[in-house]
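Hello,

Here is the structure I promised to hand over. Please look through it first; my notes follow below.

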Amino acid sequence: MKNIDSDKHLRGESLYLDDLPTLQGSLHAMVFASPTAHGLLQKLELEEARKSCGVWGILTARDIPGENQIGNIIPDEPLFAEKEIHYRGQPIALILAESREAARQARQKIKVEIEEFPAVTTAEEAFEKGMFITEPRTFTMGDVDRAFAKCAHVFEGKTFTNGQEHLYLETQAAYAIPAEGDQIKIISSTQGPSQVQKAAAQVLGLPMHKIEVEVIRLGGGFGGKEDQATPWAVMAALGAQLSRRPVKLVLSRSDDLLMTGKRHPYSARFKIGLDENLKILAYEARFLQNAGAAADLSPAVAERTLFHATNSYFVKNARLSVYSCRTHLPPNTAFRGFGGPQGMFVMEAAIALAAQKLKIEARHIQQANLLQEGDRFPYGQRAEQALARKSWETAYLHYKADDLCRKAEDFNKKHEYIKKGVAFMPICFGISFTNTPMNQARALVHVYRDGSVGISTGAVEMGQGVNTKMLQVAASCFSIQPERIKIETTNTTRVANTSPSAASATSDLNGKALLKACEQIKKRLLKTAAKELKTNPQKISLQNECVLIDKKDSGLRWEELVQTALLQRVSLSETAHYATPKIRFDKKREKGRPFSYHVYGTAIITAKVDGLRGTYQIESVQIAHDFGKSMNTAIDLGQVEGGLVQGLGWMCMEELAYDKNGRLLSNALSTYKIPDLFSVPERIEVVPLEDEGHEAAILKSKAVGEPPLMYGIGAYFAILNAMRAFQSDLEPFFNAPMTPEKVLTGLLKKQVKNKPLHVEKRQIG
Ligand code: MTE
Ligand code: HPA
Ligand code: MOS
């Protein structure tokens, strides 16, 4: 079934928040943010701005009737700065005006005096200074020190992976509308409507039931709207509460880039120990997470880094620790993979370093250590239905990996200035929110008297295709045409207390709840049909809108059945609740079974590097992916391709840059390069693993949203391998993204050392 949104998207007819007709009397809001990363607010002059043409008013922390607090995991984040300034771009005031332009002009008239203090922008510096968000976490398995003592080879190194801008096409946006009495309706572009509701209630000083949050769809979220859609929605709500007028707040691209957090940059150190047969006996890693100025989701992201720190490998002795470091950058947040990619990169770097030092190919180490059925992860869970080896072998055979590697070697022999590198990237990603209580969902189904169906769940459509999947679940349960079903907006009054649409688990959680609700209604309908047809319900089934008795058409149609049920006063509505079974995690012991299941896969990446220019092309990415029994191959393939390309961008192109004063330098698309048509791989191939699927996955179709991003990590190592082909004794460096500048300077390092020519040149210059 094709994505139900695709036609509307293509014609530009799909509604996003800012497409909604603006109600008469609406005010437009704009945020005034700190121009300084760290300091004390000494003076805020608003008078001139307040007098500016078309300004209704300007709100600050003082106008908040409830609490000036929006922190989710830890209450450490004010909505508006009061005295202390923690990052450049931190909101200080909200301008409400008759038009965006009026708000913009008023913003220029605000004057602020801040006593400036030095800013800390890197995790290392924060670590040295003891600036932390929370206590560090450590996962251990086995006896690491003893194991290292027994290793034939031990290597140590350090890594850095930079942050990443979400760059959702639709910027952060909210529209708040006052309702009767003191109630407020907020339309928000959020992945977490219930979180917006909770925070708004807290700030506005209202009970949650007075706040309704509605989400139509998102023009992309990628984790950037899991927590960070909240402040803008709450600001709009506050504006609506105080003005009793509708308030729209849509961030401009540059405000969005400036004010919102990104993927966490990580600095790490590792130590890896192998025996003679390339078995990894011991692994140790220490991760420093650059959390930014407030906790946001950082503790949860840090935790997932540890869960994925050994990737698809069985490591008998491991010690993994993570420090969430507080810096003066905007609070960093969820981003596809949620800390997992940062953990996996370090493992792959450790293997690449070992391979280089042992003068072998990394794939031999990778292959020798892939997880097998029953192997334990460092957090205690055992690998069940483990497909690490199967995905590796499938990719290896399907894409004729030996030929591929040989061809690359031949090519390298023939070419002096252009070399190819091949890398393998196995992935393993745990499905479930690592915070067990979040793994629950609800659905509400109405069958209307004409046989049409309306479905509400907590799922937010952000381009990942969850609405199509929900529709498929209902259509298959009732065996009716998709056209009969409407997926309603996501709304807190219809489905309450929802977890955000995140962790790749949205269709599993909401789909399972939806299936339960549909099955309840179906059961009642079958009973009604049996009564009507004077037979027993076991003999009745539904197929293609017909009621069957013993698999033969009874003549009764879906619509008639629904009508009959209504006349017999049978309920045609149902709500259901789903909580993922069999998961638990003990944070004291750092052991448990946090994940419902794992998703596996292997990618083979081929890169071609120009050694004179440092430029490169990702020639091909060939993937064997574990979809389970995909319920929608077009959508799932789209997720694999999109995730991959986003991962490639993170690893190769997107260079987030802050200066030492915490000023964002990569503050436009001219300086922050994301993958475009010319930089995506020439060839992307995906082959599904032959697989039964998993019971815990919706209709056995495994979660697919985040895992493919991590295939992109392989590109870093493919480029590094091509560089190795230029210089067999290259000193590998692990400093992502691998931009052409880094390729070139990486290759030049040795030439500068060995060739006096360069020194002479420099003297001449
Ligand atoms: N795909 C599109 N097109 N847009 C998005 O914003 N978000 C990703 C992924 N794929 C995203 C996407 C992220 S971060 C997650 S967690 C999942 O989708 C969320 O949706 P799911 O749980 O339905 O997979
Ligand atoms: N993944 C994604 N988002 C989350 C998680 C998680 O494990 N926990 C809280 N938010
Ligand atoms: Mo995705 S990072 O879990 O929103």
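A residue counts as near a molecule if one of its heavy atoms lies within 4 Å of it. By that rule, 17 residues surround ligand 1, and the closest are Gly221, Phe222, Met462, Thr506 and Gln639.

A word on the basis. This is a predicted model: local features need pLDDT of at least 70, side-chain atom pairs count only at pLDDT 80 or more, and totals for chains, interfaces and linings use all residues. Residues are numbered from 1 along each chain as its sequence is written, ligands are numbered from 1 in the order in which they are written, and side-chain values use heavy atoms, without hydrogens and water.

One of its nitrogen atoms is 3.1 Å from a side-chain N or O atom of arginine 336. A nitrogen atom of ligand 1 also lies 2.9 Å from a backbone N or O atom of methionine 462. An oxygen atom of ligand 1 is 3.1 Å from a side-chain N or O atom of glutamine 464.

Now ligand 2. Its surroundings are Glu226, Arg304, Phe338, Phe433, Thr434, Met438, Ala502 and Ala503. A nitrogen atom of ligand 2 is 2.5 Å from a side-chain N or O atom of glutamate 226. An oxygen atom of ligand 2 is 3.1 Å from a side-chain N or O atom of arginine 304. The backbone of threonine 434 has an N or O atom 3.2 Å from an oxygen atom of ligand 2.

Best wishes

Technical notes: Polar contact = N/O pair within 3.5 Å; in protein donor to acceptor, adjacent residues only side chain to side chain.
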